[in-house]
Amino acid sequence: MTSPVSGSQGAATPIDLTDSFKAYDVRGIVGETITEESVRAVGAAFVEVLNLAGQTVLLGGDMRASTPAFIAAFAEGATERGADVVDLGLISTDMLYYAAGVLDAPGVMFTASHNPAAYNGMKMSLAGAVPISSESGLFEIRDVAQGYLESGLPEPVTALGSRTEKDLLAGYAGYLRSLVDLSGSRPLKVVVDAGNGMAGKTTPAVLGDAELAALPLEIIPLYFELDGTFPNHPANPLEPENLRDLQAAVREHGADLGLAFDGDADRCFVIDEQGEPVSPSAVTGLVARREIHRARAGSTVNGVVHAPEETPVVIHNLITSRAVPELVAAEGGRAVETRVGHSFIKAVMAQESAVFGGEHSAHYYFRDFFNADTGMLAAMHVLAALGEQPLPLSELAAEYSPYVASGEINSEVADKDAAVEKVLVEFAVGWPESGANTGYVCEPCHPKLAGQETLVSQVDGTTVSAADGSWWFNLRPSNTEPFLRYNGEAHDRETMEIVRDVVLALVRS
(Lines give C-alpha, C1' and ligand atoms only; values in the text may rest on other atoms or scores of the structure.)
Protein backbone atom coordinates (compact mmCIF):
# COMPACT_ATOMS: atom_id res chain seq x y z
CA MET A 1 0.00 0.00 0.00
CA THR A 2 1.13 3.56 -0.63
CA SER A 3 1.07 6.16 2.13
CA PRO A 4 -2.35 7.29 3.37
CA VAL A 5 -4.03 9.97 1.31
CA SER A 6 -4.16 13.12 3.38
CA GLY A 7 -7.32 15.07 4.04
CA SER A 8 -7.90 18.62 2.88
CA GLN A 9 -5.29 21.30 3.64
CA GLY A 10 -2.76 18.69 4.76
CA ALA A 11 -4.84 17.44 7.66
CA ALA A 12 -3.53 14.29 9.33
CA THR A 13 -7.01 12.83 9.59
CA PRO A 14 -8.71 12.13 6.25
CA ILE A 15 -12.16 13.53 5.59
CA ASP A 16 -15.23 11.45 6.35
CA LEU A 17 -16.88 10.50 3.05
CA THR A 18 -20.25 10.01 4.72
CA ASP A 19 -20.51 13.82 4.66
CA SER A 20 -20.60 13.90 0.86
CA PHE A 21 -22.07 10.54 -0.21
CA LYS A 22 -25.86 10.92 -0.42
CA ALA A 23 -28.59 8.43 -1.37
CA TYR A 24 -28.04 8.76 -5.13
CA ASP A 25 -25.04 10.99 -5.71
CA VAL A 26 -21.99 12.60 -4.14
CA ARG A 27 -22.11 16.27 -3.21
CA GLY A 28 -19.95 18.38 -0.93
CA ILE A 29 -18.08 21.62 -0.30
CA VAL A 30 -14.84 21.81 -2.27
CA GLY A 31 -11.79 21.64 -0.01
CA GLU A 32 -13.86 20.56 2.99
CA THR A 33 -16.03 17.52 2.33
CA ILE A 34 -14.79 16.80 -1.20
CA THR A 35 -11.13 17.17 -2.20
CA GLU A 36 -8.78 16.09 -4.96
CA GLU A 37 -7.40 13.45 -2.59
CA SER A 38 -10.82 12.03 -1.83
CA VAL A 39 -11.80 12.07 -5.50
CA ARG A 40 -8.64 10.17 -6.42
CA ALA A 41 -9.54 7.53 -3.82
CA VAL A 42 -13.09 7.35 -5.17
CA GLY A 43 -11.72 6.87 -8.70
CA ALA A 44 -9.68 3.89 -7.55
CA ALA A 45 -12.61 2.48 -5.55
CA PHE A 46 -14.98 2.93 -8.50
CA VAL A 47 -12.81 0.67 -10.64
CA GLU A 48 -12.13 -1.80 -7.84
CA VAL A 49 -15.73 -2.24 -6.67
CA LEU A 50 -17.19 -2.47 -10.19
CA ASN A 51 -14.33 -4.65 -11.48
CA LEU A 52 -13.53 -2.26 -14.34
CA ALA A 53 -9.82 -3.02 -14.88
CA GLY A 54 -9.22 -3.16 -18.64
CA GLN A 55 -12.57 -1.51 -19.36
CA THR A 56 -13.63 2.00 -20.34
CA VAL A 57 -14.72 4.61 -17.81
CA LEU A 58 -16.30 7.84 -19.08
CA LEU A 59 -15.61 11.13 -17.28
CA GLY A 60 -17.01 14.60 -17.81
CA GLY A 61 -18.11 17.61 -15.82
CA ASP A 62 -19.73 20.99 -15.68
CA MET A 63 -18.16 24.46 -15.62
CA ARG A 64 -17.32 24.65 -11.90
CA ALA A 65 -13.75 25.80 -11.22
CA SER A 66 -12.86 22.58 -9.38
CA THR A 67 -14.09 20.25 -12.13
CA PRO A 68 -10.90 19.92 -14.24
CA ALA A 69 -8.78 19.06 -11.19
CA PHE A 70 -11.38 16.57 -9.96
CA ILE A 71 -11.56 14.86 -13.35
CA ALA A 72 -7.77 14.59 -13.38
CA ALA A 73 -7.71 13.18 -9.83
CA PHE A 74 -10.43 10.62 -10.54
CA ALA A 75 -8.69 9.63 -13.78
CA GLU A 76 -5.43 9.10 -11.89
CA GLY A 77 -7.09 6.81 -9.36
CA ALA A 78 -9.00 4.93 -12.06
CA THR A 79 -6.08 4.42 -14.46
CA GLU A 80 -3.84 3.26 -11.59
CA ARG A 81 -6.37 0.46 -11.08
CA GLY A 82 -6.20 -0.42 -14.79
CA ALA A 83 -9.27 1.31 -16.29
CA ASP A 84 -9.11 3.21 -19.59
CA VAL A 85 -10.52 6.70 -19.02
CA VAL A 86 -12.28 8.61 -21.79
CA ASP A 87 -12.44 12.32 -20.93
CA LEU A 88 -15.57 13.88 -22.44
CA GLY A 89 -14.64 17.38 -21.25
CA LEU A 90 -17.29 19.98 -20.45
CA ILE A 91 -20.67 18.28 -20.72
CA SER A 92 -24.19 18.37 -19.32
CA THR A 93 -25.34 15.53 -17.10
CA ASP A 94 -27.64 14.18 -19.79
CA MET A 95 -24.66 14.11 -22.17
CA LEU A 96 -23.01 11.70 -19.72
CA TYR A 97 -26.14 9.54 -19.82
CA TYR A 98 -26.10 9.67 -23.63
CA ALA A 99 -22.45 8.61 -23.67
CA ALA A 100 -23.02 5.80 -21.16
CA GLY A 101 -25.93 4.59 -23.29
CA VAL A 102 -24.42 4.85 -26.75
CA LEU A 103 -20.92 3.69 -25.77
CA ASP A 104 -22.27 1.13 -23.29
CA ALA A 105 -19.76 2.11 -20.64
CA PRO A 106 -19.92 3.29 -17.02
CA GLY A 107 -19.30 6.94 -16.31
CA VAL A 108 -19.07 9.74 -13.78
CA MET A 109 -20.32 13.30 -14.13
CA PHE A 110 -18.73 15.96 -11.94
CA THR A 111 -21.40 18.44 -10.91
CA ALA A 112 -23.26 19.78 -7.92
CA SER A 113 -26.30 20.51 -10.08
CA HIS A 114 -28.09 23.60 -8.73
CA ASN A 115 -25.96 23.98 -5.58
CA PRO A 116 -23.86 27.14 -5.05
CA ALA A 117 -20.38 27.64 -6.49
CA ALA A 118 -18.60 26.30 -3.40
CA TYR A 119 -19.98 22.81 -4.09
CA ASN A 120 -19.08 20.03 -6.48
CA GLY A 121 -19.93 16.34 -6.64
CA MET A 122 -20.34 13.19 -8.70
CA LYS A 123 -23.23 11.41 -10.41
CA MET A 124 -22.30 7.82 -11.24
CA SER A 125 -23.75 5.49 -13.85
CA LEU A 126 -23.17 1.94 -14.98
CA ALA A 127 -23.02 1.01 -18.66
CA GLY A 128 -26.29 1.85 -20.38
CA ALA A 129 -26.84 4.87 -18.07
CA VAL A 130 -28.08 2.67 -15.21
CA PRO A 131 -27.74 4.82 -12.07
CA ILE A 132 -25.54 3.89 -9.13
CA SER A 133 -27.28 4.68 -5.84
CA SER A 134 -27.01 3.72 -2.19
CA GLU A 135 -28.94 0.57 -3.06
CA SER A 136 -26.70 -0.45 -5.97
CA GLY A 137 -23.10 0.06 -4.94
CA LEU A 138 -22.61 3.74 -4.13
CA PHE A 139 -21.99 3.19 -0.43
CA GLU A 140 -19.70 0.24 -1.17
CA ILE A 141 -17.60 2.56 -3.35
CA ARG A 142 -17.65 5.08 -0.48
CA ASP A 143 -16.46 2.53 2.06
CA VAL A 144 -13.62 1.23 -0.11
CA ALA A 145 -12.53 4.80 -0.87
CA GLN A 146 -12.64 5.64 2.84
CA GLY A 147 -10.32 2.72 3.48
CA TYR A 148 -7.92 4.06 0.85
CA LEU A 149 -7.96 7.49 2.47
CA GLU A 150 -7.15 6.01 5.85
CA SER A 151 -4.68 3.26 4.89
CA GLY A 152 -3.31 4.40 1.54
CA LEU A 153 -4.08 3.58 -2.06
CA PRO A 154 -2.93 0.19 -3.37
CA GLU A 155 0.20 0.12 -5.48
CA PRO A 156 -0.66 0.79 -9.14
CA VAL A 157 -1.40 -2.28 -11.22
CA THR A 158 1.17 -3.45 -13.74
CA ALA A 159 -1.01 -2.67 -16.76
CA LEU A 160 -1.95 0.96 -16.17
CA GLY A 161 -5.01 2.26 -17.95
CA SER A 162 -4.95 5.00 -20.57
CA ARG A 163 -6.59 8.44 -20.75
CA THR A 164 -7.99 9.77 -24.01
CA GLU A 165 -10.40 12.52 -25.00
CA LYS A 166 -13.64 12.35 -26.98
CA ASP A 167 -16.13 15.02 -28.13
CA LEU A 168 -19.73 13.78 -28.28
CA LEU A 169 -21.59 17.09 -28.62
CA ALA A 170 -22.60 16.63 -32.27
CA GLY A 171 -23.67 13.03 -31.65
CA TYR A 172 -25.73 14.06 -28.63
CA ALA A 173 -27.45 16.83 -30.60
CA GLY A 174 -28.19 14.53 -33.52
CA TYR A 175 -29.58 11.83 -31.25
CA LEU A 176 -32.02 14.23 -29.58
CA ARG A 177 -33.12 15.60 -32.95
CA SER A 178 -33.82 12.05 -34.10
CA LEU A 179 -36.32 11.70 -31.24
CA VAL A 180 -38.18 14.99 -31.79
CA ASP A 181 -38.36 16.50 -35.27
CA LEU A 182 -38.62 20.28 -35.03
CA SER A 183 -37.89 21.00 -38.68
CA GLY A 184 -41.58 21.41 -39.51
CA SER A 185 -42.43 23.70 -36.61
CA ARG A 186 -43.90 27.13 -37.18
CA PRO A 187 -41.25 29.80 -36.45
CA LEU A 188 -40.81 30.29 -32.70
CA LYS A 189 -38.92 32.89 -30.70
CA VAL A 190 -37.35 31.25 -27.64
CA VAL A 191 -35.49 32.88 -24.76
CA VAL A 192 -33.12 30.44 -23.04
CA ASP A 193 -31.63 31.19 -19.62
CA ALA A 194 -28.62 28.91 -19.19
CA GLY A 195 -27.79 30.41 -15.79
CA ASN A 196 -24.09 30.39 -16.80
CA GLY A 197 -24.39 26.60 -16.77
CA MET A 198 -23.93 23.84 -19.32
CA ALA A 199 -27.04 24.73 -21.33
CA GLY A 200 -24.90 27.58 -22.65
CA LYS A 201 -22.99 24.89 -24.55
CA THR A 202 -25.73 22.38 -25.36
CA THR A 203 -28.47 24.80 -26.51
CA PRO A 204 -26.56 26.15 -29.54
CA ALA A 205 -25.74 22.56 -30.53
CA VAL A 206 -29.25 21.11 -30.17
CA LEU A 207 -31.60 24.03 -30.86
CA GLY A 208 -29.24 26.25 -32.84
CA ASP A 209 -26.89 25.70 -35.76
CA ALA A 210 -23.57 25.25 -33.94
CA GLU A 211 -23.38 21.55 -34.87
CA LEU A 212 -26.34 20.80 -37.16
CA ALA A 213 -28.64 22.53 -39.64
CA ALA A 214 -30.66 25.48 -38.36
CA LEU A 215 -34.20 24.93 -37.07
CA PRO A 216 -37.13 27.38 -37.37
CA LEU A 217 -36.22 28.73 -33.94
CA GLU A 218 -34.90 32.15 -33.01
CA ILE A 219 -32.85 31.62 -29.85
CA ILE A 220 -32.35 34.61 -27.60
CA PRO A 221 -29.51 33.69 -25.21
CA LEU A 222 -29.43 34.69 -21.57
CA TYR A 223 -26.29 33.99 -19.52
CA PHE A 224 -24.74 31.50 -21.95
CA GLU A 225 -21.19 32.21 -20.72
CA LEU A 226 -19.91 29.16 -18.83
CA ASP A 227 -19.08 30.43 -15.35
CA GLY A 228 -19.18 28.22 -12.26
CA THR A 229 -19.30 31.27 -9.96
CA PHE A 230 -22.86 31.96 -11.23
CA PRO A 231 -22.44 35.76 -11.45
CA ASN A 232 -26.01 36.53 -12.52
CA HIS A 233 -28.18 34.26 -10.38
CA PRO A 234 -28.00 30.76 -8.87
CA ALA A 235 -28.52 28.04 -11.48
CA ASN A 236 -31.58 26.75 -9.65
CA PRO A 237 -34.77 27.52 -11.61
CA LEU A 238 -36.86 25.75 -8.98
CA GLU A 239 -36.63 28.97 -6.95
CA PRO A 240 -39.01 31.63 -8.38
CA GLU A 241 -36.56 34.53 -7.94
CA ASN A 242 -34.13 32.82 -10.32
CA LEU A 243 -36.73 32.95 -13.11
CA ARG A 244 -37.33 36.69 -13.00
CA ASP A 245 -34.70 37.66 -15.60
CA LEU A 246 -36.10 35.06 -18.00
CA GLN A 247 -39.69 36.18 -17.40
CA ALA A 248 -38.73 39.79 -18.09
CA ALA A 249 -36.83 38.82 -21.25
CA VAL A 250 -39.76 36.79 -22.61
CA ARG A 251 -42.05 39.81 -22.21
CA GLU A 252 -39.45 42.27 -23.54
CA HIS A 253 -38.76 40.28 -26.72
CA GLY A 254 -42.34 39.16 -27.30
CA ALA A 255 -41.10 35.58 -27.26
CA ASP A 256 -43.27 32.50 -27.67
CA LEU A 257 -41.75 30.89 -24.58
CA GLY A 258 -38.75 30.79 -22.28
CA LEU A 259 -36.61 27.86 -21.11
CA ALA A 260 -34.53 27.83 -17.90
CA PHE A 261 -31.93 25.16 -17.18
CA ASP A 262 -30.09 24.32 -13.99
CA GLY A 263 -26.29 24.22 -13.73
CA ASP A 264 -25.74 20.78 -15.23
CA ALA A 265 -28.67 21.22 -17.63
CA ASP A 266 -30.51 18.03 -16.76
CA ARG A 267 -33.61 19.96 -15.63
CA CYS A 268 -35.66 22.40 -17.68
CA PHE A 269 -38.35 24.87 -16.56
CA VAL A 270 -40.77 26.47 -19.01
CA ILE A 271 -42.15 30.04 -19.12
CA ASP A 272 -45.16 30.90 -21.32
CA GLU A 273 -45.49 33.93 -23.63
CA GLN A 274 -46.97 36.00 -20.81
CA GLY A 275 -43.93 35.38 -18.63
CA GLU A 276 -45.74 32.94 -16.35
CA PRO A 277 -44.24 29.60 -15.28
CA VAL A 278 -45.71 26.40 -16.74
CA SER A 279 -45.74 23.83 -13.96
CA PRO A 280 -43.55 20.74 -14.35
CA SER A 281 -46.73 18.69 -13.86
CA ALA A 282 -48.26 20.37 -16.92
CA VAL A 283 -45.09 19.65 -18.88
CA THR A 284 -45.25 16.04 -17.67
CA GLY A 285 -48.83 15.76 -18.91
CA LEU A 286 -48.01 17.33 -22.27
CA VAL A 287 -44.99 15.10 -22.90
CA ALA A 288 -46.82 12.02 -21.57
CA ARG A 289 -49.58 12.49 -24.13
CA ARG A 290 -47.04 12.77 -26.97
CA GLU A 291 -45.04 9.74 -25.82
CA ILE A 292 -48.16 7.62 -25.30
CA HIS A 293 -49.29 8.36 -28.85
CA ARG A 294 -45.79 7.61 -30.15
CA ALA A 295 -45.63 4.31 -28.28
CA ARG A 296 -49.04 3.23 -29.50
CA ALA A 297 -47.93 3.86 -33.08
CA GLY A 298 -44.60 2.04 -32.69
CA SER A 299 -41.15 3.41 -33.48
CA THR A 300 -37.54 2.62 -34.23
CA VAL A 301 -34.86 4.35 -32.15
CA ASN A 302 -31.11 3.82 -32.47
CA GLY A 303 -31.77 0.60 -34.37
CA VAL A 304 -34.15 -0.76 -31.71
CA VAL A 305 -37.67 -1.52 -32.96
CA HIS A 306 -40.52 -0.84 -30.52
CA ALA A 307 -43.72 -2.56 -31.63
CA PRO A 308 -47.00 -0.67 -31.09
CA GLU A 309 -48.09 -0.84 -27.44
CA GLU A 310 -51.68 -1.11 -26.36
CA THR A 311 -51.20 0.45 -22.92
CA PRO A 312 -47.96 2.43 -22.61
CA VAL A 313 -46.71 3.07 -19.07
CA VAL A 314 -45.92 6.54 -17.71
CA ILE A 315 -44.12 7.04 -14.39
CA HIS A 316 -44.78 9.97 -12.07
CA ASN A 317 -43.72 10.71 -8.52
CA LEU A 318 -46.31 11.16 -5.80
CA ILE A 319 -45.86 14.96 -5.68
CA THR A 320 -46.86 15.38 -9.32
CA SER A 321 -50.34 16.81 -9.93
CA ARG A 322 -53.21 14.35 -9.79
CA ALA A 323 -54.00 15.62 -13.28
CA VAL A 324 -51.11 13.53 -14.66
CA PRO A 325 -52.46 10.03 -13.87
CA GLU A 326 -55.92 11.20 -14.90
CA LEU A 327 -54.60 12.31 -18.31
CA VAL A 328 -52.53 9.14 -18.77
CA ALA A 329 -55.61 6.99 -18.16
CA ALA A 330 -57.72 9.11 -20.52
CA GLU A 331 -55.09 8.67 -23.27
CA GLY A 332 -55.07 4.89 -22.89
CA GLY A 333 -51.89 4.61 -20.87
CA ARG A 334 -51.18 3.26 -17.41
CA ALA A 335 -49.77 5.57 -14.74
CA VAL A 336 -47.36 4.18 -12.13
CA GLU A 337 -46.54 6.23 -9.01
CA THR A 338 -43.08 6.10 -7.48
CA ARG A 339 -40.84 7.79 -4.94
CA VAL A 340 -39.00 11.03 -5.58
CA GLY A 341 -35.43 10.63 -6.84
CA HIS A 342 -33.78 9.82 -10.15
CA SER A 343 -32.32 6.46 -9.18
CA PHE A 344 -35.69 5.18 -7.95
CA ILE A 345 -37.56 6.42 -11.00
CA LYS A 346 -35.00 5.02 -13.44
CA ALA A 347 -35.29 1.63 -11.77
CA VAL A 348 -39.08 1.66 -12.09
CA MET A 349 -38.78 2.91 -15.68
CA ALA A 350 -36.73 -0.18 -16.49
CA GLN A 351 -38.95 -2.58 -14.53
CA GLU A 352 -42.12 -1.31 -16.19
CA SER A 353 -40.59 -0.61 -19.61
CA ALA A 354 -42.18 2.81 -19.19
CA VAL A 355 -42.12 5.13 -22.16
CA PHE A 356 -41.79 8.30 -20.07
CA GLY A 357 -41.53 9.57 -16.51
CA GLY A 358 -41.88 13.01 -14.93
CA GLU A 359 -41.15 14.63 -11.59
CA HIS A 360 -42.44 17.80 -9.96
CA SER A 361 -38.83 19.04 -9.84
CA ALA A 362 -38.64 19.20 -13.67
CA HIS A 363 -36.72 15.97 -14.17
CA TYR A 364 -38.08 14.14 -17.23
CA TYR A 365 -37.14 10.54 -18.11
CA PHE A 366 -37.40 8.83 -21.49
CA ARG A 367 -37.18 5.17 -22.47
CA ASP A 368 -35.66 6.27 -25.76
CA PHE A 369 -32.96 8.09 -23.78
CA PHE A 370 -31.81 5.01 -21.84
CA ASN A 371 -34.46 5.58 -19.13
CA ALA A 372 -32.47 8.66 -18.11
CA ASP A 373 -33.52 12.24 -17.47
CA THR A 374 -32.89 15.00 -19.97
CA GLY A 375 -34.24 18.52 -19.72
CA MET A 376 -33.34 19.30 -23.31
CA LEU A 377 -35.47 16.49 -24.76
CA ALA A 378 -38.43 17.60 -22.64
CA ALA A 379 -37.95 21.15 -23.90
CA MET A 380 -37.97 19.86 -27.48
CA HIS A 381 -41.31 18.13 -26.87
CA VAL A 382 -42.76 21.41 -25.58
CA LEU A 383 -41.41 23.25 -28.63
CA ALA A 384 -42.85 20.61 -30.96
CA ALA A 385 -46.27 20.67 -29.29
CA LEU A 386 -46.35 24.46 -29.48
CA GLY A 387 -45.00 24.66 -33.00
CA GLU A 388 -47.45 22.21 -34.56
CA GLN A 389 -50.55 24.25 -33.65
CA PRO A 390 -51.49 27.97 -33.55
CA LEU A 391 -52.39 28.52 -29.88
CA PRO A 392 -50.04 30.38 -27.51
CA LEU A 393 -48.37 28.33 -24.82
CA SER A 394 -50.52 29.78 -22.03
CA GLU A 395 -53.65 28.37 -23.67
CA LEU A 396 -51.99 25.09 -24.64
CA ALA A 397 -50.68 24.53 -21.10
CA ALA A 398 -54.01 25.40 -19.43
CA GLU A 399 -55.42 22.05 -20.57
CA TYR A 400 -52.79 20.28 -18.47
CA SER A 401 -53.28 22.37 -15.30
CA PRO A 402 -56.85 21.85 -14.06
CA TYR A 403 -55.85 22.13 -10.38
CA VAL A 404 -54.02 24.75 -8.33
CA ALA A 405 -50.62 23.81 -6.94
CA SER A 406 -48.53 25.45 -4.25
CA GLY A 407 -45.18 24.70 -5.80
CA GLU A 408 -42.36 23.41 -3.63
CA ILE A 409 -41.80 25.42 -0.44
CA ASN A 410 -38.81 24.74 1.80
CA SER A 411 -38.70 25.20 5.57
CA GLU A 412 -35.51 24.83 7.57
CA VAL A 413 -36.49 23.26 10.88
CA ALA A 414 -34.40 21.79 13.68
CA ASP A 415 -36.54 18.69 14.23
CA LYS A 416 -38.24 17.54 11.03
CA ASP A 417 -39.97 14.56 12.63
CA ALA A 418 -41.47 16.72 15.35
CA ALA A 419 -42.69 19.23 12.78
CA VAL A 420 -44.45 16.51 10.80
CA GLU A 421 -45.98 15.12 13.98
CA LYS A 422 -47.47 18.53 14.81
CA VAL A 423 -49.14 18.57 11.40
CA LEU A 424 -50.51 15.07 11.86
CA VAL A 425 -52.01 16.02 15.23
CA GLU A 426 -54.03 18.70 13.41
CA PHE A 427 -54.88 16.87 10.19
CA ALA A 428 -55.17 13.22 11.18
CA VAL A 429 -56.75 12.84 14.60
CA GLY A 430 -56.11 9.38 16.03
CA TRP A 431 -53.22 8.63 13.68
CA PRO A 432 -50.78 6.95 14.07
CA GLU A 433 -51.53 5.81 17.63
CA SER A 434 -54.71 4.01 16.60
CA GLY A 435 -52.98 2.31 13.69
CA ALA A 436 -55.64 3.62 11.32
CA ASN A 437 -54.87 5.62 8.22
CA THR A 438 -57.91 7.86 8.42
CA GLY A 439 -58.81 10.63 10.78
CA TYR A 440 -60.68 13.92 10.88
CA VAL A 441 -59.24 17.36 10.42
CA CYS A 442 -59.54 18.96 13.82
CA GLU A 443 -61.30 22.21 14.63
CA PRO A 444 -58.28 24.48 15.26
CA CYS A 445 -56.98 24.14 11.68
CA HIS A 446 -59.43 26.30 9.77
CA PRO A 447 -63.25 26.43 9.68
CA LYS A 448 -63.31 25.39 6.01
CA LEU A 449 -61.28 22.25 6.77
CA ALA A 450 -62.82 21.24 10.08
CA GLY A 451 -64.44 17.84 10.08
CA GLN A 452 -63.13 16.71 6.69
CA GLU A 453 -62.04 13.09 6.54
CA THR A 454 -58.39 12.63 5.64
CA LEU A 455 -56.12 9.86 4.35
CA VAL A 456 -52.47 9.53 5.35
CA SER A 457 -49.62 7.84 3.47
CA GLN A 458 -45.94 7.64 4.31
CA VAL A 459 -44.66 6.10 1.08
CA ASP A 460 -42.28 9.04 0.47
CA GLY A 461 -42.40 11.55 3.26
CA THR A 462 -45.90 12.14 4.63
CA THR A 463 -48.89 12.79 2.38
CA VAL A 464 -52.24 13.92 3.77
CA SER A 465 -55.22 13.95 1.40
CA ALA A 466 -58.84 14.96 1.71
CA ALA A 467 -60.90 11.80 1.33
CA ASP A 468 -63.10 13.57 -1.23
CA GLY A 469 -60.03 14.39 -3.37
CA SER A 470 -60.41 18.16 -3.05
CA TRP A 471 -56.86 18.75 -1.72
CA TRP A 472 -53.63 17.05 -0.69
CA PHE A 473 -50.19 17.97 0.60
CA ASN A 474 -46.86 16.23 1.08
CA LEU A 475 -44.07 16.92 3.59
CA ARG A 476 -40.75 15.35 2.68
CA PRO A 477 -37.28 15.83 4.18
CA SER A 478 -34.62 16.66 1.60
CA ASN A 479 -31.89 14.07 1.00
CA THR A 480 -29.29 16.70 0.13
CA GLU A 481 -30.27 19.87 2.03
CA PRO A 482 -31.46 20.73 5.58
CA PHE A 483 -35.05 21.34 4.52
CA LEU A 484 -38.53 19.97 5.02
CA ARG A 485 -40.19 20.35 1.63
CA TYR A 486 -43.89 21.16 1.24
CA ASN A 487 -45.94 20.49 -1.90
CA GLY A 488 -49.70 20.80 -2.11
CA GLU A 489 -52.60 20.98 -4.54
CA ALA A 490 -56.33 21.69 -4.46
CA HIS A 491 -59.27 22.05 -6.80
CA ASP A 492 -59.37 25.81 -6.16
CA ARG A 493 -56.89 28.51 -5.11
CA GLU A 494 -58.63 29.42 -1.87
CA THR A 495 -58.43 25.86 -0.53
CA MET A 496 -54.84 25.43 -1.69
CA GLU A 497 -53.81 28.60 0.15
CA ILE A 498 -55.71 27.68 3.33
CA VAL A 499 -54.12 24.23 3.53
CA ARG A 500 -50.68 25.62 2.65
CA ASP A 501 -50.80 28.38 5.26
CA VAL A 502 -52.06 26.11 8.03
CA VAL A 503 -49.41 23.47 7.40
CA LEU A 504 -46.50 25.92 7.07
CA ALA A 505 -47.55 27.73 10.24
CA LEU A 506 -47.45 24.42 12.11
CA VAL A 507 -44.11 23.37 10.58
CA ARG A 508 -42.42 26.68 11.35
CA SER A 509 -43.86 27.25 14.83
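Me: Which strand holds Leu-58?
Reply: A heads-up: this is a predicted model, where local features need pLDDT of at least 70, side-chain atom pairs count only at pLDDT 80 or more, and totals for chains, interfaces and linings use all residues. Residues are numbered from 1 along each chain as its sequence is written, and side-chain values use heavy atoms, leaving out hydrogens and water. Strands are DSSP runs of E with at least two residues, while helices are runs of H or I with at least four, and numbering starts at the N terminus. Leu-58 sits within residues 56–61, which form strand S2.

Me: Is Leu-58 buried or exposed?
Reply: Buried means under 20% relative accessible area, exposed means over 50%, and partly exposed is in between (1.4 Å probe, protein chains only). Leu-58 has a relative accessible area of 0%, so it counts as buried.

Me: How many Å separate Leu-58 and Ala-100 in space, C-alpha to C-alpha?
Reply: Leaving aside neighbours within four places in sequence, Leu-58 is in contact (heavy atoms within 4.5 Å) with residues including Leu-96, Ala-99 and Ala-100. Along the sequence, Leu-58 and Ala-100 are 42 residues apart. In space, their C-alpha atoms are separated by 7.3 Å.

Me: Where is Ser-20 found?
Reply: Ser-20 has 1% relative accessibility, so it's buried. Not counting residues up to four places away, Ser-20 touches Asp-25, Val-26, Arg-27, Gly-28 and Thr-33. As for its place in the chain, Ser-20 lies in the segment before strand S1 (26–29).

Me: How are H3 and H5 oriented to each other?
Reply: Axes are lines fitted to C-alpha atoms, for helices over the stretch in contact, and angles run from 0 to 180 degrees between N-to-C directions. Under 35 degrees counts as roughly parallel, over 145 as roughly antiparallel, 65 to 115 as roughly perpendicular, and the rest as oblique. Helix H3 (residues 93–102) and helix H5 (residues 169–179) have axes that come within 10 Å and cross at roughly 85°. That's why H3 and H5 are roughly perpendicular.

Me: What orientation does H1 have to H4?
Reply: Helix H1 (residues 36–50) and helix H4 (residues 138–151) have axes 8 Å apart, and they pack at an angle of about 125°. That angle makes H1, relative to H4, oblique.

Me: What is the radius of gyration of the protein?
Reply: The protein has 14 helices and 25 strands. The radius of gyration is taken over C-alpha atoms, and the globule rule is 2.2 Å times the number of residues to the power 0.38. For 509 residues that rule gives 23 Å, and the protein comes close to it, so it is as compact as a globular protein of that length, with a radius of gyration of 23 Å.
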